[in-house]
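Please keep the sequence and the model in view while reading.

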Amino acid sequence: MQKVKIGIIGLGRLGMVHANHLVNLISDADVRAVCALDDDQLAYAKKNFGVSTYKNYKEMIDVEDIDAVVIVSPTGFHPEMTEYALNANKHVFCEKPLGLNMDEVDTMVRQIKMHPKKIFQLGFMRRFDSSYKHAKKIIDDGKIGKIIYIRAYGIDPISGMESFKKFATDNDSGGIFVDMCIHDIDLIRWYTHDDPVQVWALGNDIAAPELKNIGEYETGVAMLKFKSGMIATLLGGRHAAHGNQVEMEIMGSNGWIRIAQEPNKDFLTLFTNEGVVKPSMQSFSERFSEAFIDELRDFVNNVKTGKNSDISVDDGVKALKIAKACKESADQGTLVDIKLS
Ligand SMILES: NC(=O)c1ccc[n+]([C@@H]2O[C@H](COP(=O)([O-])OP(=O)(O)OC[C@H]3O[C@@H](n4cnc5c(N)ncnc54)[C@H](O)[C@@H]3O)[C@@H](O)[C@H]2O)c1
């Protein structure tokens, strides 16, 4: 196979980022077509990427000569789009989470397993970030000993609140734990090879009371107990005044790791009459630009070589079940037992 011929579904906040990377930075990718519902997004893609455009994803998959489909549509569509693409003999890259409805996700997983020769890769891109990869190596080398506790924060900037409200009003996001904390849930499972057995979670809308009307917590906090006895706390939010705050602390019996305590935009410090300021990153696409490129480069390479993704579909299922248990605990105000099998 020379280049991997690709069709993209979804050109929104993240889809346009992926499309730009695939067209301009990943030399083994050949984007032939895109699909979205928005006329302006399609016109932009036609003009700037020179691709065919569709509003119906089935038509794109049926008509276009493509090897793979990159799915960046709202989460509720992931199962049906994945199944349609696999049944049309296409490889699939699908954004996280796998889906929202567990029955639909179960059917999706069955279909993925019925197509073992087709690559299915899930967008847990933080595994491709250099700092998180470095932490993985330190942990695997035993340098911090046994993991006792992990604390993870994922807080979007307040500047993104309006676009989030539109996203969550037009679609079901799944809520703060499923939409956001799922990244940290995956990382914690990846680092520890352990699964949680119980969760106690809480949520509030103090920073954005209007989110209550669309069934969203602005801030969600979950405390999880793992099989080994390890403890983790997750915090997801959408209210950081200064920028995009994504940080993790891993405490081991012999040492600690901290990743990104401050979301510095670069190495610059600004000294003015207002004080000493380190400008911060403002978006997830800025913070994880390298990881977003590398995960798609990995997918394209996996399609070319036939190598399965290191992120298994079972990783996606377990992370989703854990995130849903966090939501259940916060919604019901109870301790929830987590059943993963
Ligand atoms: N990995 C990450 O860090 C990360 C970050 C943001 C979003 N995401 C995920 O990416 C997905 C998309 O999120 P977003 O913020 O880009 O959404 P968005 O609402 O900004 O964009 C959605 C896109 O999908 C298109 N679309 C909607 N319904 C469609 C349909 N039936 N057929 C074809 N196209 C359709 C829309 O026209 C739009 O182009 C979600 O699953 C989200 O969880 C992941």
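Lys96 and Asp179 form a salt bridge in which the closest N and O atoms are 3.5 Å apart; a salt bridge here is a side-chain nitrogen of Lys or Arg within 4 Å of a carboxyl oxygen of Asp or Glu. Lys96 sits in the loop between strand S5 (91–94) and H5, and Asp179 in helix H8 (residues 176–192), so the pair ties together parts that are 83 residues apart in sequence. Helices (H or I, at least four residues) and strands (E, at least two) are DSSP runs, numbered from the N terminus. Both Lys96 and Asp179 are buried, where buried means under 20% relative accessible area, exposed over 50%, and partly exposed in between (1.4 Å probe, protein chains only).

The model is predicted: local features need pLDDT of at least 70, side-chain atom pairs count only at pLDDT 80 or more, and totals for chains, interfaces and linings use all residues. Residues are numbered from 1 along each chain as its sequence is written, and side-chain values use heavy atoms, with hydrogens and water left out.

The structure holds 29 salt bridges.

| Pair | N to O distance | Separation in sequence |
|---|---|---|
| Lys96–Asp179 | 3.5 Å | 83 residues |

Arg127 and Asp186 are both buried. They also belong to a network of salt bridges that links Arg127, Asp186, Arg189, Asp195, Asp315 and Lys318.

Lys165 counts as buried because its relative accessibility is 18%, whereas Glu210, with a relative accessible area of 33%, is partly exposed.

Lys96 also takes part in a backbone feature: a cis peptide bond joins Lys96 and Pro97, with omega about -20°. Pro97 is placed in the loop between S5 and H5. Two residues other than glycine have a positive phi: for Asn89 the value is near 70°, and for Ala260 near 55°. Asn89 lies in the loop between H4 and S5. Ala260 is in the loop between strand S12 (256–259) and strand S13 (270–272), and counts as partly exposed because its relative accessible area is 26%.

How many disulfides does the structure hold? There are 0 disulfides, a disulfide being a pair of cysteine sulfur atoms within 2.5 Å. For Cys35, the nearest cysteine sulfur is that of Cys94, 14 Å away. Cys35 is buried, with a relative accessible area of 3%. The sulfur of Cys326 has its closest cysteine sulfur in Cys181, 6.9 Å away, which is too far for a bond. Cys326 counts as buried, at 0% relative accessibility.

Helix H1 (residues 15–24) is mostly covered, with 7 of its 10 residues buried. Among the buried residues of H1 are Met16, Val17, His18 and Leu22.
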